[in-house]
Amino acid sequence: QGDTAIKIAKINSIGALRAEAEKIRSYGGGLLPAFKGERVGGYEMEYIEGVPLQNWMKTGGKIPTEIYLQARSELIELGKRGFIHGELYSPSSYVLQLNQAGNPDRLRVVDPIGATSQYYTLQADLKHFDDLFKGILAGN
């Protein structure tokens, strides 16, 4: 079943958290955490174990191109289904899952907020994603 992360709203942000929970319910799994259920004042989602991307970057770690391409492909599929994140420029939005040997195995988004503005687009998400990973891909 796996561990669970719980997100609870402040009193003045319950409506926003409900909208976020609905996005996780609709788009979760794969690149984004899976939705696990509702709670009073919040929701439960999959806890994603791994190394925060910003920590990996501080060590000079590189990301294999195939992991980057898999995550990018999933991002495109989410965008085609209507999910736009809007803040994929920050390494704090990602966790790098490692294999038994401690090497990168999969990239996941752990901050599944999703943009609400019509000014955010899939193209903008992809640009932020590409710009972030440009300097840390293996072979670059």
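The protein's secondary structure consists of four helices and six strands, where helices (H or I, at least four residues) and strands (E, at least two) are DSSP runs numbered from the N terminus. Along the sequence these elements follow the pattern β-α-β-β-β-α-α-β-β-α. This is a predicted model, in which local features need pLDDT of at least 70 and side-chain atom pairs count only at pLDDT 80 or more, while totals for chains, interfaces and linings use all residues. Residues are numbered from 1 along each chain as its sequence is written, and side-chain values use heavy atoms, with hydrogens and water left out.

Of the 140 residues in the protein, 39% are buried, buried meaning under 20% relative accessible area (1.4 Å probe, protein chains only). Among contacts (heavy atoms within 4.5 Å) between residues at least 6 apart in sequence, 72% join residues at least 24 apart.

A search of the whole structure finds seven aromatic pairs; rings of Phe, Tyr and Trp (its six-membered ring) pair if their centres lie within 6.5 Å, and planes under 30 degrees apart count as stacked, over 60 as edge-to-face and the rest as tilted. Two of these pairs are set out below.

| Pair | Centre to centre | Angle between planes | Class |
|---|---|---|---|
| Tyr 27 and Phe 83 | 5.3 Å | 55° | tilted |
| Tyr 68 and Phe 129 | 5.4 Å | 10° | stacked |

Tyr 27 in helix α1 (residues 14-27) and Phe 83 in the loop between α3 (65-80) and β5 (94-98) are 56 residues apart. Tyr 27 is buried at a relative accessible area of 16%, and Phe 83 is buried at 2%.

Tyr 68 in helix α3 and Phe 129 in helix α4 (residues 122-133) are 61 residues apart, and both are buried. Tyr 68 and Phe 129 also belong to one aromatic cluster with Tyr 94 and Phe 133.

Terms used
Buried means under 20% relative accessible area, exposed over 50%, partly exposed in between (1.4 Å probe, protein chains only).
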